[in-house]
Structure formats: C-alpha cells, structure tokens
Amino acid sequence: MNKFFLVGFISLILFSACGSKEIQKPIEKKVSDSTDIRLVGVWEGMETDYQKLGMQKHWMQQRFADGTYVIMFVAIENGSGKRSVEYGKWWVKDGIFYEQCSSCKKSDSYQYSFLSDSNETLKYKLITSQEKFADENYEFLEFKVNLK
C-alpha cells in the first residue's frame with residue numbers, strides 16, 4: 001500500500017512540476033544521431049545508500065525526444081523527506097548515456113543496457129559524475145511508466 005501511495009504521490013508532484021510540458025509518447029523512429037528513442041518517456045527508479053549512507057532516493061523522470069528532461073526527486077533521510085526538481089539535457093554518444101542538469105557545468109555519464117526485450121527496464125552504471133557517491137560502484141534500475 002505504501003509503495004502505491006508513494007508512486008502516486010511522486011507522479012502527482014512530477015506532473016504538477018512540469019508546468020506546460022506536455023506528456024510525449026515515444027516516436028517510433030530515431031529522432032537524431034544523439035537520441036536513443038527507447039529512452040524517451042517517463043521512467044521511475046529508486047536507490048538506497050548509494051549517494052549517501054542512510055538516504056533513500058526516489059525519482060520520476062520524463063525524457064523528451066528533443067533531448068531535454070525533467071526529473072523530480074524525493075530524498076528520505078532520518079524519517080523526513082525533501083523533494084527537488086531538476087531540468088536539463090540528455091544524449092547518447094557511442095553507446096554511453098549523458099545527462100547534464102541546467103545548473104551543471106559538466107555532464108554525468110553512464111553505461112546503460114535494457115534488461116528486457118520490451119525495453120521497459122534499464123540498468124545504469126556510473127562512469128563519471130560531478131557528484132561524490134558513498135558507493136563508487138553506483139548502479140541503479142529505472143522502469144518505464146506506461147501512461148496509457
């Protein structure tokens with residue numbers, strides 16, 4: 001029950017934070033050489049203790065076909081939560097996923113792979129980041145949110 005409440009809560013906050021951004025469904029063709037169209041859409045994920053020991057982080061991200069994104073985070077630490085919203089650009093080059101927030105000078109880079117033929121589960125492994133992580137082997141999963 002708590003998981004469903006949390007997912008609903010995150011969804012509500014993310015879509016209210018998006019303002020005038022419209023939900024875009026994936027296009028069946030490749031948009032550009034720097035866009036893996038399979039990554040376009042709404043994705044959710046969570047991790048515990050990777051970025052900071054004792055902290056659990058949940059997020060929902062919408063990647064648009066034009067190479068922009070919006071992501072809403074909820075971080076839970078010591079029983080209290082904090083939310084934040086980030087905007088930026090994303091792209092793929094030589095099979096590596098890059099993401100750069102609008103207030104960042106450098107991009108983060110990840111190896112990524114789909115764990116299912118349906119392209120609805122993604123695994124990421126950090127290559128480089130501006131952030132310092134509690135665990136240097138930062139990996140996480142994201143799951144596609146179907147908005148049908």
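## Aromatic pairs

Rings of Phe, Tyr and Trp (its six-membered ring) count as a pair if their centres lie within 6.5 Å; planes under 30 degrees apart are called stacked, those over 60 edge-to-face, and the rest tilted. The structure, a predicted model, holds eleven aromatic pairs. One of them joins Phe 97 and Tyr 112 in an edge-to-face arrangement, 6.3 Å centre to centre with 70° between the planes. Phe 97 lies in strand β5 (residues 96-101) and Tyr 112 in strand β6 (residues 108-114), so this pair ties together parts that are 15 residues apart in sequence. Strands here are DSSP runs of E with at least two residues, numbered from the N terminus.

Both Phe 97 and Tyr 112 are buried, a term for under 20% relative accessible area, with exposed meaning over 50% and partly exposed the range in between (1.4 Å probe, protein chains only). Tyr 112 also pairs with Phe 114: the ring centres are 6.3 Å apart and the planes stand at 80°, so that pair is edge-to-face. Phe 114 counts as buried at 17% relative accessibility. One aromatic cluster is formed by Trp 59, Trp 90, Phe 97, Tyr 110, Tyr 112, Phe 114, Tyr 124, Tyr 138 and Phe 140.

## The nonpolar core

A nonpolar core is a set of buried Ala, Val, Leu, Ile, Met, Phe, Trp, Tyr and Cys residues joined through side-chain atoms within 4.5 Å. The largest has 21 residues, and those with the most contacts inside it include Leu 39, Trp 90, Phe 97 and Tyr 112. At least two residues of this core come from each of β3 (68-77), β4 (80-93), β5, β6 and β7 (121-128).

Lys 57 belongs to strand β2 (residues 55-63). Lys 57 is buried but has no salt bridge, and the nearest side chain of opposite charge, Glu 47, is 5.8 Å away. A salt bridge requires a side-chain nitrogen of Lys or Arg within 4 Å of a carboxyl oxygen of Asp or Glu; Lys and Arg count as positive and Asp and Glu as negative, while His and the chain ends are not counted. Lys 57 lies over the face of Phe 73, at 4.5 Å from the ring centre (the criterion is NZ of Lys or CZ of Arg within 6 Å of the ring centre and within 35 degrees of the ring normal).

Glu 77 is placed in strand β3 and counts as partly exposed at 23% relative accessibility. The C-alpha atoms of Glu 77 and Gly 54 are separated by 6.2 Å, although these residues are 23 residues apart along the chain.

## Basis of the values

Residues are numbered from 1 along each chain as its sequence is written, and side-chain values use heavy atoms, leaving out hydrogens and water. Local features need pLDDT of at least 70 and side-chain atom pairs count only at pLDDT 80 or more, whereas totals for chains, interfaces and linings use all residues.

Definitions and conventions:
Helices (H or I, at least four residues) and strands (E, at least two) are DSSP runs, numbered from the N terminus.
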